[in-house]
Amino acid sequence: MLDRPAPAIDLSIDALKANLQRLEREWETYQSTRDRDAIYGYLTAVFELVTVWAQEAKTIEHARWVLWLRGHRVVPKAPEPFAVVIFCTSDRKKVDYRTRSKWSRVLRYAAEYKGLDEPLATYIKRKGGINKCAARFTRRLGRSGRTEATETHSPLDRQFR
């Protein structure tokens, strides 16, 4: 995803738990405000965490651990990391399958095309917003050119509808 060396970050079980707690706080911050753009703080935190995992080439491994830490003992072989993190750190009553899928597509699109220097919120807004970025992902990387790695509906989505 990124062309720079991975930072030396210890992602032990305790570190994963701490990251999940940080993202849950970001979710609570987003929920406590009426600002339309508050979602970008939460999505940025999710994006940054999964991007660090990608730099280490351990996105699937960490996504599986996150599910296991949250009590899901039957874990898909290759869960979609952005969807997993959103699923495990947001309120399931407020973020349904479709919303989680849309946000995951937006973050995967940004991971593929966003430059290093541009903030995520600025990038998404410049590309037309969350809905347009999700549609762009589907057009460029999703349904038409679907591969196993870019499948729009991951086993996680089917399992946790």
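Predicted model: local features only at pLDDT ≥ 70, side-chain atom pairs only at ≥ 80, totals over all residues.
W65 is found in helix 3, and together with I13 and W68 it forms a nonpolar patch on the surface. The accessible area of these residues together is about 270 Å².

Let's step back to the whole chain for a moment. The protein has 8 helices and 0 strands, so its pattern along the sequence reads α-α-α-α-α-α-α-α, with helices taken as DSSP runs. Of its 161 residues, 46% count as buried. Among contacts between residues at least 6 apart in sequence, 62% join residues at least 24 apart.

Now follow helix 1, which covers residues 13-31. Its 19 residues reach 27 Å from the first C-alpha to the last, close to the 27 Å expected at 1.5 Å a residue. Which of its residues are buried? They are A15, L16, N19, L20, L23 and W27. Seen down the helix axis, these buried residues fall within an arc of 140°, so they line one face of helix 1. On the other side, D14, R25 and E28 are exposed.

What do the buried residues of helix 1 pack against? Their partners are helix 2 (39-55), helix 3 (59-69), helix 4 (81-89) and helix 5 (97-113).

Terms used: Residues numbered from 1 in each chain as written. Heavy atoms only, no water. Helix = DSSP H or I, 4+ residues; strand = E, 2+ residues; numbered from the N terminus. Expected span 1.5 Å × (residues − 1). Buried < 20%, exposed > 50% of the residue type's maximum accessible area, 1.4 Å probe, protein only. Arc of directions from axis to C-beta. Contact = heavy atoms within 4.5 Å. Patch = residues over 30% accessible without salt bridge, like charges linked within 9 Å, V, L, I, M, F, W, Y side chains within 5 Å. Areas by Shrake-Rupley, 256 points an atom, 1.4 Å probe, with all protein chains shown as cover. Salt bridge = Lys/Arg side-chain N within 4 Å of Asp/Glu carboxyl O.
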